[in-house]
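I am opening a notebook on this model. These entries log what I looked up, item by item.

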Amino acid sequence: ERIYSREVAFFSPFAFLRIVSLGSGFAAAILNSYSGALRESDDLGHARAKVLALVLVWSAGLVATLTRGRTGLAKLVMGGTLASGLALIQFPGAAALLHLAPLHPQDWFEVGWLVALFLSLQVFLEWLESLRTDPFHCC
């Protein structure tokens, strides 16, 4: 009787390193954003809203980069995530219900560039991995 042993990995070591690195980096960015918002003012609702905006925009961005927005469902998830986040954070009634404070345009700008930075790193690291697995793959 033979017993076959075969290791099955869901992620390659490079993909695992990419996920851990980006996840850790983004978690640090969230903590920094939260503490920075509290340093600006003692408004806890403002700090919470900034973190919620970061997480929602990051989630929609990940769907966009991982699916390339190819399907209607991907577009629905991205749009729904962004629309619900905007509604929950910016509409005073919904924000008050969740103990949030609406964000200023400068806050949205900070959220946007931070998420864009991490998504750019995600795309770049995916590209590097594709070169490693298929060196003649282009674009």
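**Entry: threonine 71**

I began with the side chain of threonine 71. One of its polar atoms lies 3.1 Å from the backbone nitrogen of alanine 74. The model is predicted, so I take each distance as computed. I then looked up where threonine 71 sits: it belongs to the loop between H2 and H3. Its relative accessibility is 43%, so I logged threonine 71 as partly exposed.

**Entry: helix H3**

Next I followed alanine 74 into H3. Helix H3 covers residues 72-90, which makes 19 residues. I checked its span from first C-alpha to last: 26 Å, close to the 27 Å expected at 1.5 Å a residue.

Which residues of H3 are buried? I found Ala74, Met78, Thr81, Gly85 and Ile89. Looking down the axis of H3, I see these buried residues within an arc of 65°, so they line one face of the helix. On the other side of H3, I noted Gly72, Leu73, Lys75 and Leu76 as exposed.

**Entry: helix H2 and its ends**

I went back to H2. Its 24 residues should span 34 Å at 1.5 Å a residue, and the end C-alpha atoms are 35 Å apart, which agrees.

What caps the N-terminal end of H2? I found aspartate 43 there, with a side-chain oxygen 3.2 Å from the backbone nitrogen of glycine 45. Following H2 comes arginine 68, and I read a positive phi for it, near 60°.

I also looked up threonine 65, which is in H2 (residues 44-67). At 12% relative accessibility, threonine 65 is below the 20% cut-off, so I count it as buried. Leaving out residues up to four places away in sequence, threonine 65 touches Leu119, Gln122, Val123 and Glu126.

**Entry: glutamate 126**

I took glutamate 126 from that contact list. Glutamate 126 lies in helix H5. Is this residue buried or exposed? Its relative accessibility is 17%, so glutamate 126 counts as buried.

I then searched for partners. The side chains of glutamate 126 and glutamine 122 are joined by a polar contact of 2.8 Å. With residues up to four places away in sequence set aside, glutamate 126 touches Arg18, Thr65, Leu66 and Arg68.

**Entry: aromatic pairs**

I turned to the rings. A pair of aromatic rings is described by the distance of the centres and the angle of the planes. I counted four aromatic pairs, with centres within 6.5 Å as the rule.

Phenylalanine 26 and phenylalanine 118 are one of them: 5.3 Å centre to centre, with 85° between the planes. I logged this pair as edge-to-face. Why does this pair tie together parts that are 92 residues apart in sequence? Phenylalanine 26 is in helix H1 (residues 13-40) and phenylalanine 118 is in helix H5 (residues 105-133), so the pair links those parts. I found phenylalanine 26 buried, and phenylalanine 118 too.

I then took the rings of phenylalanine 124 and tryptophan 127. Their centres are 5.9 Å apart and their planes are at 35°, so I logged the pair as tilted. Both residues are in helix H5, three residues apart, and about one helical turn separates them. Phenylalanine 124 has 43% relative accessibility and counts as partly exposed. Tryptophan 127 has 41% and also counts as partly exposed.

I noted one aromatic cluster as well, formed by Phe26, Trp58 and Phe118.

**Entry: histidine 99**

I looked up the backbone of histidine 99. Its phi is positive, about 60°, although histidine 99 is not a glycine. I located histidine 99 in the loop between helix H4 (92-97) and H5. At 55% relative accessibility, histidine 99 counts as exposed.

**Entry: the chain as a whole**

I closed with totals. How many helices and strands does the protein chain have? I count five helices and zero strands. Along the sequence, the pattern reads α-α-α-α-α.

Of the 139 residues, 32% count as buried. The protein chain exposes about 9300 Å², and carbon and sulfur atoms supply 69% of that area. I also checked contacts between residues at least 6 apart in sequence: 61% of these join residues at least 24 apart.

Conventions
Residues numbered from 1 in each chain as written. Predicted model: local features only at pLDDT ≥ 70, side-chain atom pairs only at ≥ 80, totals over all residues. Heavy atoms only, no water. Phe/Tyr/Trp six-rings, centres within 6.5 Å; stacked < 30°, edge-to-face > 60°. Helix = DSSP H or I, 4+ residues; strand = E, 2+ residues; numbered from the N terminus. Buried < 20%, exposed > 50% of the residue type's maximum accessible area, 1.4 Å probe, protein only. Expected span 1.5 Å × (residues − 1). Arc of directions from axis to C-beta. Polar contact = N/O pair within 3.5 Å; in protein donor to acceptor, adjacent residues only side chain to side chain. Contact = heavy atoms within 4.5 Å. Areas by Shrake-Rupley, 256 points an atom, 1.4 Å probe, with all protein chains shown as cover.
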